[in-house]
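User: Could you walk me through this structure? I have not seen it before.
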Amino acid sequence: MSLRRILPAAALLLLPGMAMAAVPPTQAAPPAATAPLAHTPHDPSPEQLEEHITALHTQLHITKAQEKLWAPFAQDMRDNASRLHDAIEKRRTDLPTMSATDNMQSYATLVAQRAQDMQTLNQAFTPLYAAFSKKQKKNADALFRQGDEEHAERQADAGQAAASDSTAAK
């Protein structure tokens with residue numbers, strides 16, 4: 001399994017620990033206004049998603065012959081985004097009445113669904129990638145590596161922001 005598939009899930013799993021590590025164990029942090037959603041993944045707007053799909057299509061240099069393999073991959077991205085949106089909305093709706101264990105289970109369910117969606121996306125991408133020229137494969141490899149690095153940086157920034165917020169709340 002590639003780092004591209006593991007890193008986002010690992011980052012999501014590590015985020016609660018990073019947030020908790022920011023608070024000294026002897027001192028409980030006061031609840032922040034945004035704390036309930038701190039462990040909820042980003043929910044891109046439909047416009048952001050379509051921009052991403054269009055940009056990826058362009059960056060991967062998808063040919064007319066590859067369109068029949070691209071279409072299921074792009075549709076999986078849309079379907080995954082729709083499921084993520086629904087799961088996040090449900091979590092936001094239910095959050096005010098959740099116990100701590102319900103909250104953790106809700107987050108675990110969301111992460112598990114996200115992991116399953118990544119598997120489905122990978123299954124759609126594999127035949128597309130196999131149809132790429134050597135130049136396209138090299139480009140895709142670099143593009144996806146770059147995406148992982150940017151994702152890791154965003155996660156690190158989010159962790160630092162959470163640490164700053166908890167320090168400021170004291």
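Analyst: One term is needed at the outset: a contact means heavy atoms within 4.5 Å. In the protein chain, residues 24 or more positions apart account for 76% of the contacts with a separation of 6 or more. Please keep in mind that this is a predicted model.

User: How many helices and strands are there in the protein chain?
Analyst: The protein chain has 5 helices and 0 strands. Along the sequence, the pattern reads α-α-α-α-α.

User: And what share of the residues is buried?
Analyst: Of the 170 residues in the protein chain, 29% are buried.

User: Which elements have the lowest and the highest mean pLDDT?
Analyst: Helix H1, residues 3-21, has the lowest mean pLDDT, 42, while H4 has the highest, 95. Over residues 1-38 the pLDDT stays under 50, and for that stretch the model has 41 contacts beyond four places in sequence.

User: Where does H4 bend?
Analyst: H4 bends by about 25° at Ala 124, and Pro 127 follows within four residues. Ala 124 is also one of the buried residues of H4, which include Asp 117, Leu 121 and Phe 125.

User: What about H3? How far does it reach?
Analyst: H3 has 28 residues and reaches 40 Å from its first C-alpha to its last, close to the 40 Å expected at 1.5 Å a residue.

User: What do the buried residues of H3 pack against?
Analyst: They pack against H2 and H4. Among the buried residues of H3 are Trp 70, Phe 73, Met 77, Asn 80 and Arg 91.

User: Take Asn 80. Why does it count as buried?
Analyst: Asn 80 has a relative accessibility of 3%, and buried means under 20%, so Asn 80 counts as buried.

User: What does the side chain of Asn 80 join?
Analyst: A polar contact of 2.7 Å joins the side chains of Asn 80 and Arg 83.

User: Which residues of the largest nonpolar core touch the most other members?
Analyst: Leu 56, Leu 60, Trp 70, Phe 73 and Met 77 do, in a core of 19 residues. Helix H2 (46-59), H3, H4 and helix H5 (134-168) each supply at least two residues of this core.

User: What is Leu 60 in contact with?
Analyst: Beyond its neighbours within four places in sequence, Leu 60 is in contact with Trp 70, Phe 125, Phe 132, Gln 136, Asn 139, Ala 140, Leu 143 and Phe 144.

User: Gln 136 is on that list. Where is it found?
Analyst: Gln 136 is found in helix H5. At 8% relative accessibility, Gln 136 counts as buried. Its side chain reaches the backbone oxygen of His 61 at 2.7 Å.

User: Where does His 61 lie?
Analyst: His 61 lies in the loop between H2 and H3. Its phi is near 55°, a positive value in a residue other than glycine.

User: Last one: Gln 48. How exposed is it?
Analyst: Gln 48, in helix H2, is partly exposed, with a relative accessible area of 38%. A polar atom of the Gln 48 side chain lies 2.7 Å from the backbone nitrogen of Ser 45.

Note on methods. Residues are numbered from 1 along each chain as its sequence is written. This is a predicted model: local features need pLDDT of at least 70, side-chain atom pairs count only at pLDDT 80 or more; totals for chains, interfaces and linings use all residues. Side-chain values use heavy atoms; hydrogens and water are left out. Buried means under 20% relative accessible area, exposed over 50%, partly exposed in between (1.4 Å probe, protein chains only). A polar contact is a pair of N or O atoms within 3.5 Å; within protein, one must be able to donate a hydrogen and the other to accept it, and residues adjacent in sequence count only if both atoms are side-chain atoms. The bend at a residue is the angle between axes fitted to the seven residues ending there and the seven starting there. pLDDT is the predictor's confidence in each residue, from 0 to 100. A nonpolar core is a set of buried Ala, Val, Leu, Ile, Met, Phe, Trp, Tyr and Cys residues joined through side-chain atoms within 4.5 Å. The expected span of a helix is 1.5 Å times one less than its number of residues.
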